[in-house]
Amino acid sequence: MYPLGGYQGKYIFVDLSSGKVEKRELPISWAKDYLGGDGFAAKVLWDNIKQGINPLSPENVFVLAVGPITGTLFPPSGRYMVASLSPQTLRWGEAHAGGFFGPELKYAGYDLIVITGKSDSPVYLFIEDERVEIRNASHLWGKTTFDTTAMLEKEHNDPDIRVLTIGPAGEKLVRFSAVMSDYYRAAGRTGIGAVLGSKNLKAIAVRGSLPVRVKHSQEFMDFSTQMFKEHKYGEWSNYIKHTSRKYGTTGLMDAMNTIGRLPVKNHYDGFYPEIEKVGGEAIRKGYRIAHKSCFGCGIQCKYFSLIKEGKYSGTKSEGPEYETVDAWGPNIMVSDLDIPVRANYLANAYGVDTISTGSMVAFAMELFEKGILTKEDTDGLEIKWGDGDVALKLLEMIVRREGIGDVLAEGVYLASKKIGKGAERYAIEVNGMDASAQDPRAHKSVGLTYAINVRGADHLRSLSIIDELGFRNKSLERFPHLDPDICCNLLDETYKGYMVADQEEAFAICDSLILCKYGVMWPPIYYFPEFSKVIAYSTGLRKYLDVEEVRKLARRIAHLRRAFNMRAGLSKDTLHPRFTEEPMPSGPAKGQVCKLEPMLKEYYEVRKYDSETSNFYYETLAEAGLEDVALELESYGRVIRRKDGGS
């Protein structure tokens, strides 16, 4: 039996080129030093991906990982993550999803899957406890994610088998293809679906029957019960009931618009005057038909939606989430909710990220408006703001790589380079990743989050929540040395470096355990004291009852992911000029720009990076137990040895 609780102690290694499948023992050092999820992925990708490889080549490595609480009764404990060298950003690629696939992999007896190589023909991986097989998937190739899942359920005569799959977008190597599971759960960002497509791996089907054992079962169960009560009766219970549970993530439409942070017209503006047409209440009353929950969740924010009339009548799907509604609503100047609901359904079926696909439509609309794209480029298609039907047609063209869709399928960064003629100015991205539905001009720490994020312009790796919600309670105890009024001023860059660095550490643990951001970011139920207990009780590693030990673990994971990006070519932490040079035109943040440099200076000070170059100090990596990483980066000129010895 594995000496640590929470882990099954095994992982699967697959070389698709040779057809070799191995079941390997999980190194104790991985569990102790990297925890799970993101930590495992960072370790595996750093050790196995060579500098300069093509992310769509057989040499790229795909990782699917869970964490020590996955499949337990801790709320929530149903998530998994996938990671690889991203085809979209050419750097760290990572995406997470909830549902039930993660726990099923754990019940089959595995903590992660590592896949390299490329199959000569389409295949899928079948896992049933000790049985792990590569099977023919020629009959599944070309099928939607919905059809693939249903066909595998029928093929195995098991409606409870859990299926992770790509759709036609991944097969066509659309660089922002998603990985889908449980029909509707999307690990959407950074294009991991294209990595599987490049390997001819259509799906992974899992069935498990093994238990998950934690080390200190009574303490773990008592603490899990306490946390469920916190969700139901605690400080944030009414907030959960009247926002997240009532509206799902779409309640953020109104909240973000209220502070001027809702992206409008390809991030040109942050305020949408017709919010009542696309807000949480409009979706709840006009489209919601059922309530859902991921495995072991205390919040339960998932819903099913149905278009009840009109040309897209009968369209039914889980969601859409906040990011999807904005991407296919205000950000392309559409106020008809049929469009984001329909786009969500199509994106899930084809296996493509709703955020990036919507961003590509917004990008194309602005290029058409500016005359950079014309009818000659689009085969006569008029790509005008507010035309939802054209937006959906572009989605289909992107997935099939037809016409202008073939260019847009490259993602906003690579597509802008291919189009030229100044298109880069309207490609709202950071380090290759199109911006999520947050505007840094209205919430300054978002700008820093985008700039330093390992995924690029994304909010889910370090977004500060204290300034966002304006806390005046125990959450401010995190920063006793900082002025709370300045901390909570969304439009003031001061102290945001400290707050973002703190959240980056918290999210590194969240994404390695693995927990949902609902409960860590919004609302902030879990923080380092809670992390320390759940790690110690589940694994038996009592040293992690020391919060500083958990923080050191978090820094190790965060540093290693950043090191991966440096080796892949990251040169500077930057922000798109739309946010730094173009004042917000309307709304509560009117006239604001995001001043990145003072926040970066604070962040580098906290992180102990060199403020002139953004490089690591050798001592910073050594303190985190990453001396070997420091030596390799030093050979690339990305590590500095301090003359003062690092004091």
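1. Let's start with a charged pair: aspartate 182 and arginine 162 join their side chains in a salt bridge, 3.1 Å from N to O. The term salt bridge is used for a side-chain nitrogen of Lys or Arg within 4 Å of a carboxyl oxygen of Asp or Glu. The two partners lie 20 residues apart and link distant parts of the chain, with aspartate 182 in the loop between β10 (179-181) and β11 (185-187) and arginine 162 in strand β9 (residues 162-165). Strands (E, at least two residues) and helices (H or I, at least four) are DSSP runs, numbered from the N terminus.

2. A word on what you are looking at. This is a predicted model, in which local features need pLDDT of at least 70 and side-chain atom pairs count only at pLDDT 80 or more, while totals for chains, interfaces and linings use all residues. Residues are numbered from 1 along each chain as its sequence is written, and side-chain values use heavy atoms, leaving out hydrogens and water.

3. Is aspartate 182 buried or exposed? Aspartate 182 counts as buried because its relative accessibility is 10%. The cut-offs are under 20% relative accessible area for buried, over 50% for exposed, and partly exposed in between (1.4 Å probe, protein chains only).

4. How many salt bridges are there by this rule? The count comes to 52. As a reminder, side chains of opposite charge can pair when their charged atoms come close. One of the pairs is aspartate 439 with arginine 441, whose closest N and O atoms are 2.7 Å apart. Aspartate 439 is buried at 0% relative accessibility, and arginine 441 is buried at 0% as well.

5. Now look at glutamate 632 and arginine 567, a salt bridge with its closest N and O atoms 3.1 Å apart. This pair also links distant parts of the chain: glutamate 632 belongs to helix α27 (residues 627-635) and arginine 567 to helix α23 (residues 547-568), 65 residues apart. Glutamate 632 is partly exposed at 25%, whereas arginine 567 is buried at 6%. Elsewhere in your view, find the network in which salt bridges with shared partners join Asp502, Glu504, Glu505, Glu548, Arg551, Arg555, Arg607 and Glu623.

6. Next, pick out serine 317 in strand β15 (residues 316-318). Serine 317 has a relative accessible area of 2%, so it is buried. Which side chain does its own side chain meet in a polar contact? The partner is asparagine 348, at 3.4 Å. A polar contact is a pair of N or O atoms within 3.5 Å; within protein, one must be able to donate a hydrogen and the other to accept it, and residues adjacent in sequence count only if both atoms are side-chain atoms. Leaving aside residues up to four places away in sequence, serine 317 touches Tyr184, Tyr303, Phe304, Ser305, Asn344, Tyr345 and Asn348, where contact means heavy atoms within 4.5 Å.

7. Phenylalanine 146, in helix α4 (residues 145-155), is buried too, at 13%. Beyond residues up to four places away in sequence, its contacts are Tyr183, Tyr184, Tyr345, Asn348 and Ala349.

8. Finally, a helix pair: α7 (residues 217-233) packs with α22 (residues 528-539) at about 145°, their axes 9 Å apart. Axes are lines fitted to C-alpha atoms, for helices over the stretch in contact, and angles run from 0 to 180 degrees between N-to-C directions. Glu219, Phe220, Phe223 and Met227 of α7 meet Glu530, Lys533, Val534, Tyr537 and Ser538 of α22.
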